[in-house]
Amino acid sequence: MTVLEQMLEQTGSVVILGHVRPDGDCLGSTLGLYHYIQTNYPAVRAAVYLEESSPKFGYLTGYDAILHETDEERYELCICLDCGDEERLGAFGVYLANASKSLWITISPILASAR
């Protein structure tokens, strides 16, 4: 079982974040994980928060589900993708600060860390 699977099995809610000014890599990775969670962990409440992006990515499954403004929601687990540091989360860093657990998954080299 992977670290991701272990963490998802132990949570009821997850927020997925990427970097400011999201590009195709960021959108693809966050929406891919969102779809994976919805398919394999239907009892887990999941949400993606990203700044608005180019409508050319509107064909991506789940694109319309992306939330673009912070709110009062709290999530047990925060997963950060394609983002090198907290500063690059922008305004959505508040979800990382409020989560009791976090998982960072970065590309190049592929690294994962959990707290």
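Val15 has Cys78 as its bridge partner in strand E3. In strand E4, the bridge partner of Cys78 is Ser102. The model is a predicted one, in which local features need pLDDT of at least 70, side-chain atom pairs count only at pLDDT 80 or more, and totals for chains, interfaces and linings use all residues. Residues are numbered from 1 along each chain as its sequence is written, and side-chain values use heavy atoms, with hydrogens and water left out.

**Strand E3 and its partners**

Helices (H or I, at least four residues) and strands (E, at least two) are DSSP runs, numbered from the N terminus. Two strands pair if DSSP finds at least two bridges between them. E3 pairs with strand E1 (residues 13-17) in the parallel sense over four bridges. Five bridges join E3 to E4 (residues 101-106), and these two strands run parallel. E3, H3 and E4 make a right-handed β-α-β unit; right-handed means that, with the strands pointing away from the viewer, the path from the first strand over the helix to the second runs clockwise.

Five of the five residues of E3 are buried, that is, under 20% relative accessible area with a 1.4 Å probe and protein chains only. In a regular strand the side chains alternate between the two faces of the sheet. Leu77, Ile79 and Leu81 are buried on one side of E3, and Cys78 and Cys80 are buried on the other.

**Asp82**

Asp82 lies in the loop between E3 (77-81) and helix H3 (93-98). Asp82 is buried yet has no salt bridge, and the nearest side chain of opposite charge, Arg88, is 7.0 Å away. A salt bridge is a side-chain nitrogen of Lys or Arg within 4 Å of a carboxyl oxygen of Asp or Glu. The side chain of Asp82 does make a polar contact with the side chain of His19 (3.2 Å); such a contact is a pair of N or O atoms within 3.5 Å, one able to donate a hydrogen and the other to accept it.

**Aromatic pairs**

The structure holds five aromatic pairs, among them the two tabulated here. Rings of Phe, Tyr and Trp (its six-membered ring) pair if their centres lie within 6.5 Å; planes under 30 degrees apart count as stacked, over 60 as edge-to-face and the rest as tilted.

| Pair | Centre distance | Plane angle | Class |
|---|---|---|---|
| Tyr49 and Tyr75 | 6.1 Å | 70° | edge-to-face |
| Tyr49 and Phe92 | 5.8 Å | 45° | tilted |

Tyr49 in strand E2 (residues 45-49) and Tyr75 in the loop between E2 and E3 are 26 residues apart. Phe92, in the loop between E3 and H3, is 43 residues from Tyr49. Tyr49 counts as buried because its relative accessibility is 1%, and Phe92 because its value is 6%. Ring pairs link Tyr49, Tyr75, Phe92 and Tyr95 into a cluster.

Key:
Buried means under 20% relative accessible area, exposed over 50%, partly exposed in between (1.4 Å probe, protein chains only). Lys and Arg count as positive and Asp and Glu as negative; His and the chain ends are not counted.
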